[in-house]
Amino acid sequence: MDWADELAQRVRDAGPQVVNDSKTPSGTVHVGSLRGPVILDTIVRALRANGVETTLLYGVDDLDPMDAQALLTADAVETEMGRPLAHVPDQEDDGHASYARHHAQTFIDTFAGLGIHPDRYYWMSDIYATGDLDPFIGTALDKAALVREIYRRVANVQHPDTWHPIGVICPTCGKVGTTIVTDWNGEQVYFECRKDLVTWARGCGASGWISPFGGAAKLPWNLEWAAQWSLFGVTIEPNGKDLSTAGGSRDRSDAIAREVFEREPPLNVPYEFLNIGGKKMSTSKGRGAAAHSIAEVVPPEQLRFLFMRHRPNHAIDFDPEGTDQIPRLFDEFDKFAAATAGREVKGELPPGYEATFRYSLLDPDADVAAEAAAFRPAFGHLAMLIQIPGVDIVERIEAEKGSPLTDRERALLDQRAGAARAWLETYAPESAKLTVQHDAVPPAAADLDQDQRAFLAHLAEAVERDGPASGDAWQASIFAVAAEDDVPGRRAFEAIYRAFLGRTNGPRAGWLLASLDPVFVRERAREASGWTDAAGPPGPLPVGG
RNA sequence: GGGCCCGUAGCUCAAUGGCAGAGCAGCUGACUCUUAAUCAGCGGGUUGAAGGUUCAAGUCCUUCCGGGCUCACCA
């Protein structure tokens, strides 16, 4: 994870930095779209860690037109489509002043949950209203011909010769997506609210001269962006590759910044996206469910870790469905933590692992050493433990740690156990799930060797004789019978797993058996052994299911 | 069509231009109490292909092949 620190080194002597990003509050936030904010936050933390005075700004583009019909109630479509999001009523009755406020709150909360805390959120509806953007609006209109030329040259977009770079909010119907400005006299613009300018919204037909200042009109996106850079003195602004492509939005805004507003644009940090199983994350293509529920299975620190451990321009392919990628993600995280705490770890560590761990932490001011040293149970192990009935997880984990858990460790355990439960319900492969085969002897029991069958038969006897009740007692019985039969412990346990779970390995067997009905255990052990009576030779093994 | 990313062990990925590596999986072995743990060991490669630069190329340049994303209306 040298990338953020390298970036910080590069701008170290360039004075205070202003890092900016913005988002249109138009709908829900999916996991893939969180890479940008995490990168943004990581850059800010790296800058500050390198002694660079840094401000993080986050813009809410709430004057953008409403264009998502699906998120409106049926009777609101006609009146609301094309109006600024800030003017659209909240479609849910939960106390927000507008549609924009509602959805902005969603992503502000999401960011906070990821430990991302901008110094300031600014709302474009407020910024326009103050008149701060008026000088930029004036300049853009004065240089309309140049703006048209830039669009043509940089992006091959051909606007009519009368086109002016401003979107009036129609004084009659309140829509901004339906208006076009065709003239400018230095004080007012001539606008038309056209019925058919765009297919997704219908204008009212109004037209006339109007002042574009003080919040009455909005700059088109590329100009608004460049104006923000000048207004706030932005020096760094990362973009997803959808904007960073050649001739794309960023190129246009860069050119407008230089040529229209005459300021060098901020440093760009283009970043790739998060793909799910090699494919784009998309609700419409059936991958949305996967994308959405990832956040429930991957806690914030692991999600930050997932996004930042690769360079921003490296596409991340995450394929949690039926794989062990989520357990691995936890394992990697734990390895970075262990190494940061100075413990020996297996395998290699990438350069900058300590910074990766530090920047993954939710709290930017966390005690890194304490966090690194905190005891974290292995995810896979935990996923198994929570499937065994009657196991006191905290007790078990404390036994493994060798001392009581701290409050923090207890919280980490609870979070991780919750994630493990969610994982088992959603993505976990069958091989991670433990199911006691109550109905019939599993097919895997057919491969039991004679010594294992004898062991099971003798275990059944021991059950009848001793009636072990606790996990410890069961464990003792297992070892006692195995020793008596001269069966290696490993083979004895395998026999139990095959007979009860239909697999060759499993959780601590004593605890597993203790959670089951003793009669069932006895009968199943005897059945799987193939011994028709305790002393007799093995017969054919009735394998079912 | 333009742009970006990727292609290295079965899988996921590392390697300031300097002896191709790790994790996981696999295999072998150890273990009378964490048995999906722990420990020891083993195998595994024409680094997508072809050229070029270099004392030296997985790495830099050129051209291909393959996969993926993205843009070309708006934001």
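A sugar or linking oxygen of RNA strand B is 3.1 Å from a side-chain N or O atom of Y497, a polar contact in the sense of a pair of N or O atoms within 3.5 Å. The model is predicted, so local features need pLDDT of at least 70 and side-chain atom pairs count only at pLDDT 80 or more, whereas totals for chains, interfaces and linings use all residues. Residues are numbered from 1 along each chain as its sequence is written, chains are lettered from A in the order in which they are written, and side-chain values use heavy atoms, with hydrogens and water left out.

**RNA surface**
- The side chain of K241 places an N or O atom 2.4 Å from a base oxygen of RNA strand B, while that of T24 has one 3.0 Å from a sugar or linking oxygen.
- Around RNA strand B there are 46 residues, of which K241, T245, E348, G506 and R508 come nearest; a residue is near if one of its heavy atoms lies within 4 Å.
- Sugar and phosphate make up 73% of the RNA strand B atoms that come within 4 Å of the protein.

**Aromatic pairs**
- The count comes to 19 aromatic pairs, defined for rings of Phe, Tyr and Trp (its six-membered ring) with centres within 6.5 Å, where planes under 30 degrees apart are stacked, over 60 edge-to-face and the rest tilted.
- Y151 and W163 are edge-to-face, because their ring centres are 5.6 Å apart and their planes stand at 65°.
- F500 and F520 are also edge-to-face, at 5.9 Å centre to centre and 80° between the planes.
- Y58, F107, F111 and Y121 form one aromatic cluster.

Definitions and conventions. Polar contact = N/O pair within 3.5 Å; in protein donor to acceptor, adjacent residues only side chain to side chain.
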